[in-house]
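Please take a first look at the structure shown here. The report that follows goes through it piece by piece.

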Amino acid sequence: MKIRLDRTMCDGFGFCAKHAPKYFSLDDWGYASLTGDGTVDAEDERDVMRALLDCPVHAIIEITEDDAE
């Protein structure tokens, strides 16, 4: 699984960092940043998917093979 974060859409709810702190951090104002290159380890996919689904503004996007082409 691979994801990206659209920081321009982030409103600072922080659910991503709560569910998947290994992949998301919050800046001083509470806005998210992606940690790493967006590649998600298989054992962390459930937590990252929860973060993706709980994001109220849909700022987390799963990259599919079709997107990569």
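## Terms and model

A residue is buried under 20% relative accessible area, exposed over 50%, and partly exposed in between, with a 1.4 Å probe and protein chains only. By that scale Phe 13, at 48% relative accessibility, counts as partly exposed.

This is a predicted model, in which local features need pLDDT of at least 70, side-chain atom pairs count only at pLDDT 80 or more, and totals for chains, interfaces and linings use all residues. Residues are numbered from 1 along each chain as its sequence is written, and side-chain values use heavy atoms, with hydrogens and water left out.

## The aromatic pair

How many aromatic pairs does the structure hold? It holds one. The partners are Phe 13 and Phe 15, and their rings are stacked. The centres are 6.1 Å apart, with 10° between the planes. Rings of Phe, Tyr and Trp (its six-membered ring) pair if their centres lie within 6.5 Å; planes under 30 degrees apart count as stacked, over 60 as edge-to-face and the rest as tilted. Phe 15 has a relative accessible area of 33%, so this residue is partly exposed.

Helices (H or I, at least four residues) and strands (E, at least two) are DSSP runs, numbered from the N terminus. Strand β1 covers residues 2–5. Its side chains alternate. Ile 3 and Leu 5 point to one face and are buried.

β1 pairs with strand β4 (residues 60–63) in the antiparallel sense, over four bridges. Two strands pair if DSSP finds at least two bridges between them. Which residue of β4 stands opposite Arg 4? That residue is Ile 61.

Arg 4 is partly exposed, because its relative accessible area is 41%. Contact means heavy atoms within 4.5 Å. Not counting residues up to four places away in sequence, Arg 4 touches Leu 34, Ala 59, Ile 60, Ile 61 and Ile 63. Ser 33 is 29 residues from Arg 4 in sequence and 9.8 Å away in space, C-alpha to C-alpha.

Lys 2 also belongs to strand β1. Its relative accessibility is 33%, so Lys 2 counts as partly exposed. Contacts of Lys 2, leaving out residues up to four places away in sequence, are Asp 37, Gly 38, Thr 39, Ile 61, Glu 62 and Ile 63. Lys 2 and Thr 64 are 62 residues apart in sequence, yet 7.4 Å apart in space, C-alpha to C-alpha.

## The nonpolar core

A nonpolar core is a set of buried Ala, Val, Leu, Ile, Met, Phe, Trp, Tyr and Cys residues joined through side-chain atoms within 4.5 Å. The largest one has 17 residues, and Phe 24 and Ile 60 touch the most other members. At least two residues each come from β1, α1 (15–19) and α2 (45–54). The largest share, three residues, comes from α2.

Outside the four places on either side in sequence, Ile 60 touches Ile 3, Arg 4, Leu 5, Cys 16, Phe 24, Ala 51, Leu 52 and Cys 55.

## Strand β3 and Ala 32

Ala 32 lies in strand β3 (residues 32–34). Is Ala 32 buried or exposed? At 1% relative accessibility, Ala 32 counts as buried. Apart from neighbours within four places in sequence, Ala 32 is in contact with Leu 5, Arg 7, Cys 10, Cys 16, Ser 25 and Leu 26.

## Two loop residues

Met 9 sits in the loop between β1 and α1. Its relative accessibility is 33%, so Met 9 counts as partly exposed. Beyond neighbours within four places in sequence, Met 9 is in contact with Val 57, His 58 and Ala 59.

His 58 lies in the loop between α2 and β4. His 58 counts as exposed, because its relative accessibility is 54%. Its phi is near 55°, a positive value in a residue other than glycine.
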